[in-house]
Amino acid sequence: MKINEKQIELIDKQIKRLIESNNFYGQKLKEEGITGINSAQDFENLPFSQKQDLRDAYPLGLMAVPEKDVVRIHSSSGTTGTPVIIPYTAKDVDDWGEMFKRCYEFAGITNKDRIHITPGYGLWTAGIGFQNGCEKLGAMAVPMGPGNTDKQLQMMMDLKSTVLCATSSYALLLAEEIEKRGIGDKIHLKKGVIGSERWGEKMRQRIKTELGIELYDIYGLTEIYGPGIGINCQYDTGMHIWDDYVYIEIIDPETGKNVEDGEWGEIVLSTLVKEGAPLIRYRTHDISRIIPGECPCGCSYPRIDVIAGRSDDMIKIKGVNVFPKQIEEVIATFPELSSEYQIRISHLEGRDTMRLYIETDGTRDFVEMAKKVAEKVKSRIGFTPIVKVVELGVLPRSEKKSKRVIDERYQ
Ligand code: ZN
């Protein structure tokens with residue numbers, strides 16, 4: 001997937017705007033003597049932008065328009081340092097709403113739906129993003145925000161909400177509550193639009209079956225508008241990204257070079273028409289891949305796979321980039337296995353070894369199980385791990401995927 005003429009033209013405009021505004025990226029361009037781009041090659045030579053650049057620009061250093069044109073700011077949570085502030089013009093807010101409306105439409109949601117919105121409202125882009133798109137669509141928004149499960153369920157029943165917008169963990173919590181209270185027949189949900197967290201296939205299946213709804217995964221990040229820059233369609237073959245607003249690349253996080261379509265790497269995004277705070281070649285650290293070929297829905301928006309983790313989680317073994325998500329997906333295909341696993345990488349007798357610990361319910365022979373999993377992992381990542389099968393409940397429980405990988409090579 002290459003950048004097209006139209007996108008090159010739009011990026012060129014963004015570059016000229018950034019140079020004029022003299023913000024961090026404008027200065028970077030000046031230092032490198034870049035005044036514009038004419039080709040895909042020029043584009044690939046543009047410098048990356050990083051989260052740290054955005055932090056350094058705190059509070060309003062990203063602003064690329066006169067302040068009178070800024071109508072709103074949003075901010076990322078800043079749990080790991082200085083927060084990032086993104087200024088929006090009226091057009092930015094409108095564009096974002098249009099993208100989000102398109103997300104709902106791709107999920108088959110219409111102005112007859114009642115959309116129950118549980119992500120938080122405020123400085124961050126979650127709740128208000130879902131809300132903007134809903135109003136543009138003309139559907140009825142039920143702006144709940146998070147928390148207060150009793151009230152959530154009451155409103156859901158009384159208002160007969162048909163769409164649930166939530167994080168995966170909150171959707172699961174609500175699904176479990178509905179089951180526990182035996183109120184499933186009073187719930188009218190048909191679809192779920194789930195955003196912002198990575199989630200395994202097993203969790204997805206649980207939400208789907210317990211709530212009896214279709215699920216749609218939404219993609220986005222505060223730095224680039226917010227949630228709503230892409231979603232999967234009814235064929236569920238990956239998330240379509242709105243490349244008339246945002247250009248997407250996948251790079252090898254180590255070399256910074258573009259990878260072939262279909263290969264895993266880090267998502268890098270460039271805004272094409274943003275005014276308040278355009279970003280060019282922004283490294284998201286999210287890991288995914290472009291899904292090659294065409295979607296049965298017939299639209300030409302490129303597709304990416306489910307977010308497989310952060311580039312910081314990437315492990316290089318025997319020269320191959322491996323992500324915990326790939327292992328997780330293999331495990332999910334075996335109903336006899338729990339969703340827990342542990343990966344240990346060591347360097348023994350001059351070579352890297354990967355041991356994979358998995359848990360089984362004991363309905364199958366351990367040796368046979370190990371062999372089957374090893375074969376499947378090999379077909380996925382290209383080499384055979386040593387698989388150790390343990391009994392259910394033996395592995396430590398952890399919310400964080402990164403904790404499931406123990407690299408003993410450099411200890
Ligand atoms: Zn599609």
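What follows is a set of questions about labels, each answered from its definition.

Modeller: First, the ground rules. This is a predicted model, where local features need pLDDT of at least 70, side-chain atom pairs count only at pLDDT 80 or more, and totals for chains, interfaces and linings use all residues. Residues are numbered from 1 along each chain as its sequence is written, and side-chain values use heavy atoms, with hydrogens and water left out.

Biologist: What makes Cys233, His240, Cys295 and Cys297 the protein donors of the zinc ion?

Modeller: Distance. Donors are N, O and S atoms within 2.8 Å of the metal (3.2 Å for Na, K and Ca); water is not among the atoms, so sites may look incomplete. Here Cys233 (SG), His240 (NE2), Cys295 (SG) and Cys297 (SG) lie 2.1 to 2.4 Å from the zinc ion. Their spacing along the chain is C-x6-H-x54-C-x1-C.

Biologist: Why is the site of the zinc ion called tetrahedral?

Modeller: Four donors count as tetrahedral if all angles lie between 85 and 135 degrees. The angles among the four donor atoms of the zinc ion are 103 to 118°, so the site is tetrahedral. For four tetrahedral donors, the ideal angle is 109.5 degrees.

Biologist: What do His240 and Cys297 tie together?

Modeller: His240 lies in strand E9 and Cys297 in the loop between E12 and E13, so the pair ties together parts that are 57 residues apart in sequence. Strands (E, at least two residues) and helices (H or I, at least four) are DSSP runs, numbered from the N terminus.

Biologist: Is His240 buried or exposed? And why is Cys297 called partly exposed?

Modeller: Buried means under 20% relative accessible area, exposed over 50%, and partly exposed in between (1.4 Å probe, protein chains only). His240 has 0%, so it is buried. Cys297 has 31%, so it is partly exposed. Cys233, at 3%, is buried.

Biologist: Now the rings. How many aromatic pairs does a search of the whole structure find?

Modeller: Nine. Rings of Phe, Tyr and Trp (its six-membered ring) pair if their centres lie within 6.5 Å; planes under 30 degrees apart count as stacked, over 60 as edge-to-face and the rest as tilted.

Biologist: Why is the pair of Phe106 and Trp242 called edge-to-face?

Modeller: The ring centres of Phe106 and Trp242 are 4.8 Å apart and their planes are at 65°, so the pair is edge-to-face. Phe106 lies in helix H5 (residues 90–106) and Trp242 in the loop between strand E9 (239–241) and strand E10 (246–251), so the pair ties together parts 136 residues apart in sequence. Trp242 is buried, at 0% relative accessibility.

Biologist: What other aromatic pair does Phe106 form?

Modeller: Phe106 pairs edge-to-face with Tyr301, at 6.2 Å centre to centre and 65° between the planes. Tyr301 lies in the loop between strand E12 (282–289) and strand E13 (303–304), so this pair ties helix H5 to a part 195 residues apart in sequence. Elsewhere, ring pairs link Phe100, Tyr104 and Phe130 into a cluster.

Biologist: How do you know that Lys274 sits over the ring of Tyr88?

Modeller: A charge sits over a ring if NZ of Lys or CZ of Arg is within 6 Å of the ring centre and within 35 degrees of the ring normal. The charged end of Lys274 is 4.9 Å from the centre of the Tyr88 ring. Lys376 lies over the face of Phe334, at 5.3 Å from the ring centre.

Biologist: What makes Glu328 and Tyr341 a polar contact?

Modeller: A polar contact is a pair of N or O atoms within 3.5 Å; within protein, one must be able to donate a hydrogen and the other to accept it, and residues adjacent in sequence count only if both atoms are side-chain atoms. The side chains of Glu328 and Tyr341 make this contact at 3.0 Å. Glu328 lies in helix H10 (residues 324–332). At 11% relative accessibility, Glu328 counts as buried.

Conventions: Tetrahedral: all angles 85-135°; square planar, octahedral: opposite > 155°, others 65-115°.
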